[in-house]
Amino acid sequence: MVTAIDEIRRIAGAIPDPEMPALTIADLGILRDVRMDGSGHVDVDITPTYSGCPALDVIREDVERCIRDQGYTDVAVRVVLSPAWTTEWMSEAGRVKLREYGIAPPRQQLFDLQALKIAVECPRCDSPRTHELAHFGSTQCQAVRRCDACGETFPHFKEH
Ligand SMILES: [Zn+2]
């Protein structure tokens with residue numbers, strides 16, 4: 001059975017990220033929790049991908065409006081900064097969408113810093129031989145890399 005909370009979570013989770021509209025806030029793991037008390041008051045927790053994220057106010061307003069539109073007028077959207085967002089929270093669907101969008105997804109750290117040495121693969125040809133051209137791309141979350149195999153220049157969603 002789909003509960004009201006599940007429904008709110010599904011619809012709010014489908015809101016696109018303002019900086020990367022190909023991904024939803026659920027894909028990115030920005031939507032942390034949705035709760036409702038007996039009186040119908042809805043609490044939502046969101047965590048930005050990095051503190052000072054300029055898209056945060058937009059996301060907060062989108063979530064609030066989207067839930068009000070479903071008839072739940074008593075909504076509080078809370079920004080939770082601790083624990084800090086990590087690329088580990090990105091869903092598998094989110095990683096697949098990034099790749100389809102031509103952005104190399106963050107590497108999974110698996111709590112092992114050695115794993116950070118694993119290659120960033122080119123989203124066009126899958127070659128692991130890529131190098132960083134610039135640490136910051138179109139957003140602070142992304143770096144710009146070039147593939148040594150096919151010459152493609154592509155963004156990489158950095159692990160953090
Ligand atoms: Zn390539």
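Hi everyone, let's start in helix 4, where we find Arg95. Helices here are DSSP runs of H or I with at least four residues, strands are runs of E with at least two, and both are numbered from the N terminus. Before going on, a word on the source: this is a predicted model, where local features need pLDDT of at least 70, side-chain atom pairs count only at pLDDT 80 or more, and totals for chains, interfaces and linings use all residues. Residues are numbered from 1 along each chain as its sequence is written, and side-chain values use heavy atoms, with hydrogens and water left out.

Back to our arginine. Is Arg95 buried or exposed? Arg95 counts as buried, at 6% relative accessibility. The cut-offs are under 20% relative accessible area for buried, over 50% for exposed, and partly exposed in between, using a 1.4 Å probe and protein chains only. Leaving aside neighbours within four places in sequence, Arg95 is in contact (heavy atoms within 4.5 Å) with residues including Thr87, Glu88, Pro105 and Pro106. Take Pro106: Arg95 is eleven residues from it in sequence, and their C-alpha atoms are 7.7 Å apart.

Helix 4 also holds Lys97, which is partly exposed at 28% relative accessibility.

Thr86 is buried, with a relative accessible area of 18%, and a polar atom of its side chain lies 3.0 Å from the backbone nitrogen of Glu88.

Now for the metal. Which residues are the protein donors of the zinc ion? They are Cys122, Cys125, Cys147 and Cys150, each through its SG atom, at 2.3 to 2.4 Å. Donors are N, O and S atoms within 2.8 Å of the metal (3.2 Å for Na, K and Ca), and water is not among the atoms, so sites may look incomplete. The angles between these four donors run from 106 to 114 degrees, so the arrangement is tetrahedral; for four donors, that label needs all angles between 85 and 135 degrees.

Along the chain, the donors follow the spacing C-x2-C-x21-C-x2-C. Cys125 sits in the loop between helix 4 and strand 4, and Cys150 in the loop between strand 5 and strand 6, so this pair ties together parts 25 residues apart in sequence. Cys125 is partly exposed at 34%, and so is Cys150 at 26%.

Last topic: the inside. A nonpolar core is a set of buried Ala, Val, Leu, Ile, Met, Phe, Trp, Tyr and Cys residues joined through side-chain atoms within 4.5 Å. The largest one has 28 residues, and Val44, Ile46, Val63, Ile67 and Phe157 have the most contacts inside it. Helix 3 gives the largest share of this core, five residues. Why does the core lie between domain 1 (4-85) and domain 2 (102-157)? Because both domains give residues to it; their bounds come from an automatic or database domain assignment.

Methods
Tetrahedral: all angles 85-135°; square planar, octahedral: opposite > 155°, others 65-115°. Polar contact = N/O pair within 3.5 Å; in protein donor to acceptor, adjacent residues only side chain to side chain.
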